[in-house]
Amino acid sequence: MKEYTQYDAIGLAELVAKKEVSPKELMDEAVSRAEKAKEELNCVSALFPDIAETQISEGLPKGPLSGIPFMTKDLGVAVKGAPLTSGSRLFKDFVADKNSELVDRYRKAGIVTFGQTTSPEYGLTTSTESALFGQTKNPWNLERTSGGSSGGASSAVASGVLPLAQASDGGGSIRIPAACTGLFGMKPSRGRIPMGPVRTEGWSGLSTVHAVSRTVRDNALLMDLTHGREPGSRYVAPDEQVSFLDQLKNAPRQLRIALWTTAPNGTKPDAEAQKGLDDTVSLLENLGHIVEASAPALSGEAIGKALLMNISAYTADLTQSRAQALGRPLQDDDLEPLTRDMVNLGHTVPMSMLAWANGVFQETAVTFDNWMDAGNFDLCLSPMLSREPDMLGELSLSREDKDAYGKAVTSFAPHASVFNMTGAPAMSVPLHWSSNNLPIGMMFGARYGHEGLLYRLAAQLEEAKPWFDKRPPVIYD
């Protein structure tokens with residue numbers, strides 16, 4: 001297995017299909033690498049190879065990803081018999097009693113789930129650090145964040161533990177970790193990928209689930225294998241006429257792309273992020289696309305307040321329900337300081353504020369679409385991060401200087417949450433490395449339901465400026 005990291009997931013699955021390697025051998029290799037990464041990068045919250053071995057012994061369904069090793073995120077996606085802590089001491093003893101619908105779809109595709117990656121408490125911040133598990137490190141620089149809240153997934157994939165991993169995104173949490181670690185990350189359209197059972201959406205529809213990956217084709221194929229309506233879903237993203245993977249075969253036509261530089265809250269990219277943006281514009285123009293500076297008229301203040309009101313209310317409900325299940329009140333050491341502040345706020349948010357916040361989300365979606373239509377834009381481009389990945393501790397929910405935390409978290413990836421409000425898809429593409437050899441991804445956004453167009457452009461960019469062979473200092477080869 002010395003050549004394990006030379007393959008993406010499709011490549012590994014092809015080896016399995018040819019019987020050149022067995023699913024058990026692949027899983028053992030991934031577990032061995034995950035054990036090392038757990039010690040060195042702190043990106044693994046739990047390993048359960050016994051569950052994976054049972055899955056293999058019962059026989060794997062055949063398919064284009066059958067036999068590949070895979071990890072889910074320790075937030076929202078349940079594997080029966082495995083822990084699901086949500087990165088919180090309040091849930092440290094919780095064990096899932098059923099699979100999520102998404103895990104069942106992985107199983108039907110023959111994907112072997114053997115462990116979980118770390119998340120900050122309830123996915124509330126853009127760095128994967130928690131009082132329960134500690135700091136997850138970026139394999140490009142161990143003093144830097146690997147992003148959040150899917151930073152465990154991004155750290156594991158970037159370091160060669162596995163070729164792709166499940167991730168979720170309620171405010172940038174697929175795209176930010178991908179941008180921090182040199183990976184490809186796609187946030188799908190709302191309703192594209194299942195999030196149930198029981199609850200089929202998170203944070204009033206802000207949150208979605210999919211994956212971070214080393215290649216575009218792995219990401220597209222996984223979406224082919226998992227998308228579609230689930231029981232109880234109140235909406236579903238429109239089907240594309242051609243599979244997402246097959247769409248990669250054809251380069252996009254000439255696109256009109258809006259260059260959206262300054263975020264709604266006024267944050268501008270620093271010199272490194274701006275260089276990445278400039279280089280990306282040049283690359284797009286060399287590929288024949290048209291890039292034009294433009295920005296939607298959005299209120300950063302309203303967006304920030306609406307997010308805070310909504311997420312605080314949901315966090316208050318979650319923690320209250322857990323305390324009731326435990327049969328005791330919340331205790332001082334159950335939650336991290338900034339999480340507790342959000343819970344306290346959530347218990348005082350008037351019902352009218354939640355209606356107002358939902359109105360802001362809808363107005364944002366309308367404004368975004370009207371802006372795209374007015375400029376006849378196909379896509380928009382922004383820097384995914386406004387700067388290099390932050391130092392660990394800057395974005396922690398346990399940071400003592402709360403004002404400094406607020407400034408850091410709102411300026412780190414300030415364009416990201418717009419696409420959670422609109423429900424539209426967006427992707428982070430690893431197109432820039434800073435002078436310090438740190439990744440800074442570039443974000444492309446589309447109209448609702450247009451993942452296929454994003455994937456086609458991503459494949460074109462991947463071919464024009466390959467990133468697969470870029471290796472961080474910490475990689476398990």
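These notebook entries record what I looked up in a predicted model of one chain.

**Conventions.** I number residues from 1 along each chain as its sequence is written, and side-chain values use heavy atoms, with hydrogens and water left out. Because the model is predicted, local features need pLDDT of at least 70 and side-chain atom pairs count only at pLDDT 80 or more, while totals for chains, interfaces and linings use all residues.

**Entry 1: the whole chain.** I found 15 helices and 15 strands in the chain; these are DSSP runs numbered from the N terminus, helices being H or I of at least four residues and strands E of at least two. The C-alpha trace spans about 60 × 55 × 45 Å along its principal axes. Of the 477 residues, 62% are buried, meaning under 20% relative accessible area with a 1.4 Å probe, protein chains only. Among contacts (heavy atoms within 4.5 Å) between residues at least 6 apart in sequence, 79% join residues at least 24 apart.

**Entry 2: the sheet.** I traced an open, mixed sheet of eight strands in the order β8-β10-β9-β14-β15-β13-β11-β12. Its edge strands, β8 (164–169) and β12 (290–293), each pair on one side only; pairing requires at least two DSSP bridges between two strands. From one strand to the next the twist averages 25°, with axes fitted to C-alpha atoms and angles running from 0 to 180 degrees between N-to-C directions.

**Entry 3: strand β13.** I noted that five of the five residues of β13 (379–383) are buried, so the strand is largely enclosed by the rest of the structure. L379, L381 and P383 lie on one side, C380 and S382 on the other. Strand β11 (256–259) runs parallel to β13 and is joined to it by three bridges, with L259 opposite L381. Strand β15 (442–445) pairs with β13 in the antiparallel sense over four bridges, and M442 is the bridge partner of P383.

**Entry 4: E336.** I located E336 in the loop between α10 (300–326) and α11 (337–346). Which side chain of opposite charge is nearest to E336? R89 is, at 5.8 Å, and the buried E336 has no salt bridge; that term requires a side-chain nitrogen of Lys or Arg within 4 Å of a carboxyl oxygen of Asp or Glu. Beyond four places in sequence, the contacts of E336 include G87, R89, E121 and E129.

Methods:
Buried < 20%, exposed > 50% of the residue type's maximum accessible area, 1.4 Å probe, protein only. Lys, Arg positive; Asp, Glu negative; His and termini not counted.
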